[in-house]
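User: Hi! Could you walk me through the ring contacts in this protein?
Analyst: Happy to, let's open it up.

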Amino acid sequence: MKATYVIYTVLFALFAFHATAQEEVGYKEPPAEIIELVDAPVTPSMQIGPRNNVILLLENTGLPTIEDLASEELRLGGTRFNPRTNGRDFGRYHTGLSLMDIDGSNERQVTGLPEDPRIQRVSWSPDGQKIAFTHTHDGGIELWVLDMATAEATQLSGPVINDVLGNAFNWLSDSETIIYKAVPEGRGEAPERPRVATGPNIQQSIGERAAVRTFQDLLSDRYDEAIFDHYTTSQLVKTDLEGNTEPIWQSAVISSFNTSPDGQYIRVTTLQKPYSYIVPFSRFAQRYDIIDVDGNHIRTLADIPVTEVMPQGFGATREGPRNISWRNDAPATIIWAEALDGGDPRAEATYRDQVFFLEAPFEGDPIEGFKTNYRYSGITWGTSDFALVSEFWQPTRMARMSSFHPEDPAAGLTLLGERSAEDRYGDPGRLQTAPNEYGRNVLMFDEQARHLYLIGQGASPEGNRPFIDQYDFETGDTIRLWRSESPYYENPVRIIDPDRQLVMTRREAVEERPNYYLRDLGNDNLTQITDFPEPFPQMREVYKEMLHYEREDGIPLSGEIFLPPGFEPGVDDPLPTILWAYPREFLTADGAGQVTGSPYTYTRLGPSSIVMLVTQGYAVLNNASFPIVAQDDGEPNDTFVEQLVTNADAAISNLVEMGITDPNRVGVSGHSYGAFMTANLLTHSDIFAAGVARSGAYNRTFTPFGFQFEERTYWQAPDLYNAMSPFMHADKMETPMLLIHGADDNNAGTFPMQSERYYDALRGHGATVRLVMLPHESHGYRARESVLHMHWEWLEWLDKYVKHREE
């Protein structure tokens with residue numbers, strides 16, 4: 001009897017430990033107030049036609065279900081796709097379409113849509129008279145077209161669209177023809193993995209450095225290669241708007257294609273073998289070809305080998321042609337850039353890149369165009385004698401804008417401006433474009449071809465105040481035409497008519513939901529175009545304010561504070577408080593201290609927003625500034641942990657001084673790099689009572705060739721990697737920690753193993769810790785069940801260890 005009692009006691013103890021360590025709780029739901037916010041109606045999206053005469057409104061779905069996310073998915077070559085549909089599942093679709101005139105009149109529903117529409121890839125024809133889109137169902141992806149004149153949609157193809165690698169279709173300039181990627185006829189069944197291996201998988205490196213960052217979903221063997229080929233192989237098909245089709249060119253693994261402005265040629269990029277097992281398909285060997293619209297091969301532009309080996313550092317790039325694109329303001333001229341410094345940012349070089357031009361019929365040698373001092377990052381086309389070139393140099397964060405003569409590209413560049421990308425206050429805005437006769441965007445001029453127009457966010461110490469400027473092409477002078485004024489946040493969406501100074505804006509205020517307006521800058525008239533219902537009426541009584549404070553070294557910081565309805569600081573008892581943040585690296589204190597956001601925006605909450613906790617009696621400091629600034633001649637991360645603590649201390653001290661926060665009841669939370677921040681703060685400070693970290697990386701030796709904006713490798717800076725890794729300091733953790741992670745996270749660096757191993761380390765050292773792995777979820781959480789359960793976990797943990805903390 002005594003022996004039996006001992007056995008039962010031991011079994012009970014083992015069972016009790018197992019139940020504590022491994023819970024099968026099913027999906028839980030948070031309080032009704034949070035559920036209502038998660039399930040709030042989704043505001044329609046809006047697109048303006050290329051000729052600025054019509055508006056398309058797109059109805060959006062809410063959160064998908066866990067059953068939707070559980071659909072079959074293949075993960076190969078750095079991408080994920082549904083083998084039944086031959087497309088990537090984004091989880092969100094448009095479920096309805098309607099049209100209205102640009103002034104908001106003549107609203108009409110689109111007819112002829114498929115039953116249970118799941119619309120994606122919406123694309124306007126160059127003349128603005130048609131819209132093409134895809135519709136996805138269990139059997140595949142179809143191509144549809146919408147006629148603006150009749151507001152009727154018709155089906156163009158069967159479920160044959162291949163969207164595994166994206167870039168599913170392109171319009172030709174005649175607005176009557178579309179080229180699409182199709183599943184090859186007679187493709188057959190996918191290969192089956194052999195039951196018995198035929199040999200080992202072998203990789204080798206012989207003396208050549210191939211330092212790459214961590215990628216997920218890579219190929220791992222010959223079977224993976226065969227499956228990848230099966231689903232990514234496609235054929236280009238030409239169709240008119242009656243559905244008459246003609247296959248062009250041979251089947252191949254087409255990663256992308258793009259038609260020339262005049263619609264006579266197609267640039268096709270195909271993936272070539274051998275494939276790589278250490279980089280995604282975007283860095284596989286590639287061939288760039290030019291064909292005509294009938295499928296005849298014109299010229300091979302380049303054969304680029306697999307990019308496994310590349311110089312170290314930000315600003316590094318591969319050798320050979322890259323950034324291959326068409327000149328928007330010419331019928332058929334192809335351009336590309338090539339590195340002059342071997343792609344190595346550490347190499348001494350006056351010029352980093354050179355741009356080349358090759359005009360139809362694509363014979364002979366290309367024209368050697370201008371050279372850039374920084375990395376070439378694109379061209380904004382204008383006229384035959386004026387276009388703009390952008391350059392950027394990541395090591396110094398410097399951006400440069402220059403002009404050049406497209407008909408004489410070898411003549412060089414004329415510098416127009418240069419600034420630090422960290423200087424948001426000095427951002428001159430984005431030059432506006434408009435479609436030309438080919439339907440391609442070029443610089444927007446007024447009728448006299450004298451003025452250009454810029455739209456900017458207008459960052460300032462008071463917050464963002466969007467603006468519209470007019471730039472005199474002849475004198476170089478800029479005048480401000482308009483600026484958003486308090487108490488509204490009004491953001492220009494598009495200049496409808498520069499000569500009439502008519503602009504479409506999106507206008508909102510703290511208590512006014514966003515809607516679209518036509519603003520006449522000449523007479524200051526404002527006409528409301530849309531009247532979307534208010535998605536979050538529950539948030540009207542919540543108090544919101546943009547706070548400004550300083551950390552101990554004088555760097556200005558800011559954040560949005562949300563307070564429960566009726567709470568009065570200094571009168572009512574201080575509140576339990578949650579801080580949400582995401583660290584960002586800066587080279588200068590001036591850049592780090594600049595204010596982001598606006599005090600006048602409507603509170604629109606994403607389904608996973610931490611702000612929802614304000615409905616449960618918490619004060620929430622959202623988007624608190626967490627700059628990590630380079631000190632003296634060092635790098636920002638040299639004092640990463642110290643600056644995290646300094647930022648947190650400044651934020652919480654300010655809230656305590658204001659009478660908002662109980663300093664003994666403060667929690668911290670963040671996502672991804674914000675989760676990394678959370679773990680470090682709980683490890684290295686005593687400011688917080690508990691923390692919640694979502695989808696983070698905690699051991700930087702798992703990302704040994706760099707992370708975020710850290711370009712040093714582990715072997716160059718082992719002490720730094722160890723100091724920044726919470727995993728290495730698991731024995732110091734004394735604060736309750738909730739870890740949440742998507743079980744299928746595909747983000748580079750944040751493998752699910754990061755949370756699993758960190759949990760093991762914390763548990764092994766006796767920390768109070770809980771690990772929640774969300775099935776079928778990636779880096780961000782999409783399924784309604786997952787999101788609601790995440791809120792439940794958040795609230796249970798914070799209520800226990802923050803709100804009701806035992807002293």
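**Rings and charges**

Analyst: The charged end of Arg700 lies over the ring of Phe707, 4.3 Å from the ring's centre. A charge sits over a ring if NZ of Lys or CZ of Arg is within 6 Å of the ring centre and within 35 degrees of the ring normal. This is a predicted model, where local features need pLDDT of at least 70 and side-chain atom pairs count only at pLDDT 80 or more, while totals for chains, interfaces and linings use all residues. Residues are numbered from 1 along each chain as its sequence is written, and side-chain values use heavy atoms, with hydrogens and water left out.

User: Which ring does the charged end of Arg700 sit over at 4.5 Å from the centre?
Analyst: That is the ring of Phe676.

User: Is Phe404 buried or exposed?
Analyst: Phe404 is buried, at 4% relative accessible area. Buried means under 20%, exposed over 50% and partly exposed in between (1.4 Å probe, protein chains only). Phe357 is buried too, with a relative accessible area of 4%.

User: Back to Phe676: which residues are in its cluster?
Analyst: Ring pairs join Phe676 with Tyr582, Phe640, Tyr673, Phe705, Phe707, Tyr714, Trp715 and Tyr721. Among them, Phe640 is buried at 1% relative accessible area, and Tyr673 is buried at 2%.

How values were computed. Phe/Tyr/Trp six-rings, centres within 6.5 Å; stacked < 30°, edge-to-face > 60°.
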